[in-house]
Amino acid sequence: MRALGLAALALLVAPQLAARGDPRAETVAHGLAAISDPELARGDYVEHCAGCHGVQGLSAPAKLPELRGRVGYMMCTEDTRAYLLRLPNIAKSRITDNQQLADMLNFMVFGLGGESVIPGTRPFTADEVAHERRFALTSASLVAERQRHVDTAIRKCGAPEAFRDFYRPR
């Protein structure tokens with residue numbers, strides 16, 4: 001029953017991928033299946049992230065990175081993955097359970113990032129979260145670090161040049 005619910009969620013999250021037989025649809029479904037409690041993960045996202053990034057991952061007009069259809073590109077290398085986990089609001093999150101935080105991040109990446117997820121992308125694990133949280137970035141280093149990892153995502157992972165923009169005004 002849970003697998004069926006997650007498959008349905010994957011179809012809602014990225015219907016255009018599934019309709020085209022896009023290999024990213026399978027990766028998105030696999031990433032969502034890694035979430036132990038999908039409702040809690042979505043609730044955690046809404047409580048801890050949506051205030052700035054938007055419930056649907058659309059932050060504009062706020063000048064913050066949009067997540068919808070974009071955050072998956074940051075999963076393409078070990079360094080870009082680690083960057084997401086080292087962001088201050090992630091690494092220092094009030095969510096202290098590493099599996100719960102991994103689930104929320106997997107909801108964000110696979111649920112909101114959908115079409116930007118590269119086939120074969122691995123979901124975050126509790127161990128990976130626990131390890132990277134120890135190396136939290138400071139707000140002083142965020143702009144330069146983000147630019148470096150965005151450049152990597154464009155160069156190595158097929159992210160569009162427009163990924164350089166923090167947000168897309170609507």
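A contact means heavy atoms within 4.5 Å. The model is predicted, so local features need pLDDT of at least 70 and side-chain atom pairs count only at pLDDT 80 or more, while totals for chains, interfaces and linings use all residues. Residues are numbered from 1 along each chain as its sequence is written, and side-chain values use heavy atoms, with hydrogens and water left out.

**Overall fold**

- The protein has ten helices and zero strands, where helices (H or I, at least four residues) and strands (E, at least two) are DSSP runs numbered from the N terminus.
- Along the sequence the pattern reads α-α-α-α-α-α-α-α-α-α.
- Of the 170 residues, 45% count as buried; buried means under 20% relative accessible area, exposed over 50%, and partly exposed in between, with a 1.4 Å probe and protein chains only.
- Among contacts with a separation of 6 or more, 69% come from residues 24 or more positions apart.
- The accessible surface is about 8600 Å², and carbon and sulfur atoms hold 57% of this surface; areas come from the Shrake-Rupley method with a 1.4 Å probe, and for residues only the protein chains shown count as cover.

**Nonpolar core**

- A nonpolar core is a set of buried Ala, Val, Leu, Ile, Met, Phe, Trp, Tyr and Cys residues joined through side-chain atoms within 4.5 Å.
- The largest such core has 37 residues, of which Tyr 45, Leu 105, Val 109 and Phe 124 touch the most other members.
- Two or more residues each come from helix H3 (23–33), helix H4 (38–48), H6, helix H8 (98–112) and H10.
- H8 gives the most, with nine residues.
- Leaving out residues up to four places away in sequence, Val 109 touches Val 71, Gly 72, Met 75, Leu 84, Gly 114, Val 117 and Phe 124.

**Helix H10**

- The 16 residues of H10 (residues 142–157) should span 22 Å at 1.5 Å a residue, and the end C-alpha atoms are 21 Å apart, which agrees; the expected span is 1.5 Å times one less than the number of residues.
- Its buried residues are Arg 146, His 149, Val 150, Thr 152, Ala 153, Ile 154 and Cys 157.
- Helix H6 (78–86) is included in what covers these buried residues.

**Salt bridges**

- A salt bridge is a side-chain nitrogen of Lys or Arg within 4 Å of a carboxyl oxygen of Asp or Glu, and by this rule there are seven.
- Arg 122 and Glu 78 form one of them, at 3.2 Å from N to O. Arg 122 lies in the loop between H8 and helix H9 (126–133) and Glu 78 in helix H6, so the pair ties together parts that are 44 residues apart in sequence.
- Arg 122 is partly exposed at 43% relative accessible area, and Glu 78 is partly exposed at 49%.
- Asp 22 pairs with Arg 24 at 2.7 Å, N to O; Asp 22 is buried, with a relative accessible area of 14%.
- Arg 164 meets Glu 161 at 2.4 Å, N to O, and a network of salt bridges links Asp 151, Glu 161 and Arg 164.
- Arg 164 is partly exposed, at 31% relative accessible area.

**Pro 23**

- Pro 23 is in helix H3 and counts as exposed at 51% relative accessibility.
- Pro 23 and Pro 119 are 96 residues apart in sequence, yet 6.0 Å apart in space, C-alpha to C-alpha.
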